[in-house]
Amino acid sequence: MSSPQQSEPPRTVSHTGDPAPDRSPAPDGAEVFRIDPLTLAAVALLLFGASFPVAGAPLLFFWVLAIPAFAAYWVLRVRTTVDGRGLVARRPFTTTTVAWSDVAGITFPRFGFGKAALTGGGTVPLPGVTVDDLARLSAASGGAVPDPTPPAPEPETDTDRPDSRADRPADQ
């Protein structure tokens, strides 16, 4: 029991948001895979670095500010939305919708995001989807993409183990 002088910890912390805002499913049951929003911190550093040439010679280097602006646009725009019907890959200037019947498989390069191999040939990049997201991708696809992770082993109970005392010879 706590004394009246001890305070209770807050139920929510004001300086931290939702721990995984992009991990929650979309309202219609679709799963959205985005680039980590922390990438915007790198874009802010890029903006800081680009501001020096612009401050020194604004008429000559004003165009440099377009680089961090495009980088921020890219981070906020690209995503892959997956549901039981198919997937939607949004890139900076295009959006591609593919039904699961048109997907032959998912490939993952050594670095970067996955790609959907199509039955008719070709691939569709899947922004925001990495190998670590395969379990979420499988659940969101309704089984169209198999989950390669092995099931968790069952915990061993005392009845499953042989009695170790029965194997030992009797003391003489």
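Predicted model: local features only at pLDDT ≥ 70, side-chain atom pairs only at ≥ 80, totals over all residues.

Visitor: Where does A140 sit?

Guide: A140 belongs to helix 4, which covers residues 134-140.

Visitor: And which residues does A140 touch, if I skip its neighbours within four places in sequence?

Guide: With those skipped, A140 is in contact with E31, V82, D83 and G84.

Visitor: Zooming out, how much of the protein chain is buried?

Guide: The chain has 172 residues, and 26% of them count as buried.

Visitor: What is the chain built from, in helices and strands?

Guide: There are 5 helices and 7 strands. Going along the sequence, they come in the pattern β-α-α-α-β-β-β-β-β-β-α-α.

Visitor: What about contacts across the sequence?

Guide: Take the contacts between residues at least 6 apart in sequence: 38% of those join residues at least 24 apart.

Visitor: New topic, helices. At what angle do helix 1 and helix 3 pack?

Guide: Helix 1 (residues 39-56) and helix 3 (residues 66-77) pack at about 170°, and their axes are 9 Å apart. That angle is why helix 1 counts as roughly antiparallel to helix 3.

Visitor: Which residues make that contact?

Guide: Helix 1 brings T39, L40, V43, L46, L47 and A50, while helix 3 brings I67, P68, A71, A72, V75 and L76. Sorted by type, the residues of this contact come out as 11 nonpolar, 1 polar and no charged.

Visitor: How many bridges join strand 3 and strand 4?

Guide: Strand 3 (residues 86-90) pairs with strand 4 over 5 bridges, in the antiparallel sense. For L87, the bridge partner in strand 4 is V98.

Visitor: Last topic: rings. How many aromatic pairs are there?

Guide: The structure holds 4 aromatic pairs. One of them is F48 with F52: the ring centres are 5.0 Å apart and the planes sit at 85°, so this pair is edge-to-face.

Visitor: Where are F48 and F52 in the fold?

Guide: Both are in helix 1, 4 residues apart, which is about one turn of the helix. F52 has 52% relative accessibility, so F52 counts as exposed.

Visitor: What about F70 and Y73, how is that pair arranged?

Guide: F70 and Y73 form a tilted pair, with 6.2 Å centre to centre and 40° between the planes. They are 3 residues apart in helix 3, so about one helical turn separates them. F70 counts as partly exposed because its relative accessibility is 40%, and Y73 counts as partly exposed at 34%.

Visitor: Which residues end up in a cluster of ring pairs?

Guide: That would be F70, Y73 and F93, linked into a cluster by ring pairs.

Terms used
Residues numbered from 1 in each chain as written. Heavy atoms only, no water. Axes fitted to C-alpha atoms, helices over the stretch in contact; angles between N-to-C directions. Helix = DSSP H or I, 4+ residues; strand = E, 2+ residues; numbered from the N terminus. Parallel < 35°, antiparallel > 145°, perpendicular 65-115°, else oblique. Contact = heavy atoms within 4.5 Å. Nonpolar A, V, L, I, M, F, W, Y, C, P; charged D, E, K, R; others polar. Pairing = 2+ DSSP bridges. Phe/Tyr/Trp six-rings, centres within 6.5 Å; stacked < 30°, edge-to-face > 60°. Buried < 20%, exposed > 50% of the residue type's maximum accessible area, 1.4 Å probe, protein only.
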